[in-house]
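Please keep the sequence and the model in view while reading.

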Amino acid sequence: MDLLNGNIKPIYFKYLSAAFGSALITSVYSVADMAIVGQYHGPDGTATLAVVAPIWNIIYSFGLLMGIGGSVLFGIARGKGGGDSKRANEYFTTAVVGSIILSALSWIALLLFEEPILVFFGADSSLLVLARSYLTPIKVVVPFFLFNQMLAAFLRNDNHPGLATVGVLAGGLFNAFGDYVFVFTFNMGIGGAGLATAIGAVISSVVMFSHFWSKKNSLFLLKPTKIVDELKEITISGFSAFFIDVAMGILTVLFNRQIMRYLGSNSLAIYGTIVTVSTFVQCCAYSVGQAAQPVISINFGAGKWGRIKESLRYALYSIAIFSAFWTILSVAFPNLYIYLFMKPNETILKMAPTIIRSYSLSFILLPLNIFSTYYFQVLLKPRTAFLVSVFRGCVISGALIKLLPIVADPDTIWFAMPITELFIAIYVITMIFKYTKELPREEYRI
């Protein structure tokens with residue numbers, strides 16, 4: 001595919017289908033675990049996975065930091081060089097080195113501080129036993145989860161988006177199948193779900209590594225010359241994508257602790273289902289950003305401004321469709337999620353509709369706000385992307401989660417995210433319009 005001269009529409013939608021498939025199957029890991037464990041262990045199993053969720057957010061976020069940050073710079077360098085790969089591969093090499101460092105730090109932290117981490121994330125004595133059982137096999141393969149995120153981003157920028165999808169699909173399908181077999185057939189319970197997830201991650205990595213032996217591969221390792229400076233560039237470029245997932249973990253911890261303080265374990269179990277659905281919605285937004293990013297970044301480097309605007313238009317159409325689908329589904333059929341993810345009791349079935357409908361109002365604007373960070377990154381507006389990520393993921397949302405139960409009824413905590421997304425969307429729409437309007441009308445030739 002010629003990203004610099006080809007027809008934008010088929011290119012964008014080919015990338016979108018690949019990115020959507022990859023993002024969707026990534027969600028299958030958490031969804032399959034939540035569904036199977038919830039059916040086996042009941043609400044305690046669902047609540048346990050809500051406690052474990054921030055660990056995934058942190059590990060995946062490190063992969064996005066190196067993957068998205070590095071691949072944005074990779075694409076821009078290729079655009080400026082007319083397809084030349086030397087400078088681009090310096091960023092790839094640095095991203096690999098950064099991923100190794102972050103993998104090692106994550107691995108050590110989980111091995112040495114598992115119990116304090118889980119308690120901090122909201123586990124009580126009963127949930128702690130289940131959480132440790134789930135994490136036992138996962139601790140063996142922590143680096144694979146991080147590298148999968150990093151590799152998928154570079155494969156999309158190296159004209160092989162389909163392989164990234166196939167890799168995630170292979171691991172995700174095994175995870176879904178393995179969950180049932182290990183949990184129910186072998187009666188391993190939540191530990192079996194962890195084992196299936198761990199093996200699935202390894203399978204995904206093996207498939208994606210095959211890219212390096214394919215004819216499409218133009219990624220290769222170079223001896224780093226300015227590794228510190230390049231790590232800084234990658235970190236700045238990828239910070240907003242990184243912080244989106246970190247923020248998801250932070251918010252999950254805040255919600256877990258506030259829910260247990262004011263509303264109890266049944267509400268936490270319901271929150272476990274809605275946060276899993278929210279992960280699906282986020283992944284839809286990721287797919288739009290990851291589809292548009294390679295196209296926009298290489299054309300930004302080449303100064304082809306009209307192609308950037310056309311890509312943005314298709315991205316916004318996609319965002320509108322995803323937003324409408326998830327909001328309507330959640331408001332119309334809230335208990336569908338409950339039956340899918342656990343074996344509910346009558347109390348949970350009565351409580352769930354109000355909670356899910358309130359929280360899911362955030363899905364109207366969530367995809368736009370997340371996509372905007374990708375758009376601001378490729379236009380080299382890291383400060384704006386940073387502000388969106390931090391205020392959405394921590395400042396405004398965190399303040400509302402802490403304050404709403406105090407100044408109003410505890411149940412108003414479910415409106416924390418809809419209010420946050422509204423405030424952020426006002427800023428996002430203003431800045432997208434501003435930066436797009438500032439793009440020059442005339443293009444220059446590389």
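Is Ser237 buried or exposed?

The model is a predicted one. In this model Ser237 belongs to helix α9, which covers residues 227–262. Its relative accessible area is 7%, and buried means under 20%, so Ser237 is buried. When neighbours within four places in sequence are set aside, the contacts of Ser237 are Gly69, Val72, Leu73 and Gln377.

## Helix α9 against α14

For α9 and helix α14 (residues 366–378), the angle is about 170° and the axes are 8 Å apart. An angle over 145 degrees counts as roughly antiparallel, and α9 is therefore roughly antiparallel to α14. On the α9 side, the contact is made by Ser237, Gly238, Phe239, Ser240, Ala241 and Ile244. On the α14 side, Ile370, Thr373 and Gln377 take part. By class, this contact holds four nonpolar and five polar residues, with no charged ones.

## Helix α9 against α3

How are α3 and α9 oriented relative to each other? These two helices pack at about 85°, and their axes are 9 Å apart. Angles of 65 to 115 degrees count as roughly perpendicular, so α3 and α9 are roughly perpendicular to each other.

From α3, the residues that meet α9 are Arg87, Glu90, Tyr91, Thr94, Ala95, Val97 and Gly98. Their partners in α9 are Ile227, Glu230, Leu231, Glu233 and Ile234. The contact of α3 with α9 comprises six nonpolar, two polar and four charged residues.

## Helix α2 against α10

Another packed pair is formed by α2 and helix α10, the latter spanning residues 265–302. Their axes come within 11 Å and cross at roughly 5°. Because angles under 35 degrees count as roughly parallel, α2 and α10 are described as roughly parallel to each other. Sorted by class, the residues of the contact of α2 with α10 are twelve nonpolar, ten polar and two charged.

## The largest pocket

Empty space in a structure can be located by rolling a probe the size of a water molecule over the atoms. Which residues line the largest pocket? The lining consists of Ile55, Ile58, Ile59, Phe62, Ser106, Ala109, Leu110, Ile117, Phe121 and Val142. The largest pocket contains about 160 Å³ of space.

Two helices, α2 (43–80) and α3 (86–112), each provide at least two of the lining residues. The largest share, four residues, comes from α2. In terms of class, the lining has nine nonpolar residues and one polar residue, and no charged residues.

## Cavities

How many cavities of 30 Å³ or more does the model have? The count is three. The second largest cavity has a volume of about 70 Å³. Its lining is made up of 14 residues, and those closest to its centre are Met248, Leu251, Ser278, Tyr359 and Met417. Two or more lining residues come from each of α9, α10 and α16 (416–438). Eight residues of this lining are nonpolar, four are polar and two are charged.

## Leu404 in helix α15

Leu404 is found in helix α15, which runs over residues 382–407. With a relative accessible area of 15%, below the 20% limit for buried residues, Leu404 counts as buried. Apart from neighbours within four places in sequence, Leu404 is in contact with Asp409, Thr412, Ile413, Phe415 and Ala416. Between Leu404 and Trp414 the sequence separation is ten residues, and their C-alpha atoms are 9.1 Å apart.

## Two loop residues with positive phi

Asn187 lies in the loop between α7 (161–185) and α8 (190–209). Although Asn187 is a residue other than glycine, its phi is positive, near 55°. Its relative accessible area is 52%, and exposed means over 50%, so Asn187 is exposed.

Leu380 is located in the loop between α14 and α15. Leu380 is not a glycine, yet its phi is positive at about 60°. A relative accessibility of 43% makes Leu380 partly exposed.

Note on methods
Residues are numbered from 1 along each chain as its sequence is written. This is a predicted model: local features need pLDDT of at least 70, side-chain atom pairs count only at pLDDT 80 or more; totals for chains, interfaces and linings use all residues. Side-chain values use heavy atoms; hydrogens and water are left out. On a 1 Å grid over the protein atoms alone, a cavity is a set of points where a 1.4 Å probe fits but cannot get out, and a pocket is an open set with protein on both sides within 12 Å along at least five of seven lines; lining residues have an atom within 4 Å of a point. Grid points are joined across faces, edges and corners, and a volume is the space filled by probe spheres set on the points. Ala, Val, Leu, Ile, Met, Phe, Trp, Tyr, Cys and Pro count as nonpolar, Asp, Glu, Lys and Arg as charged, and the others, Gly among them, as polar. Buried means under 20% relative accessible area, exposed over 50%, partly exposed in between (1.4 Å probe, protein chains only). Contact means heavy atoms within 4.5 Å. Axes are lines fitted to C-alpha atoms, for helices over the stretch in contact, and angles run from 0 to 180 degrees between N-to-C directions.
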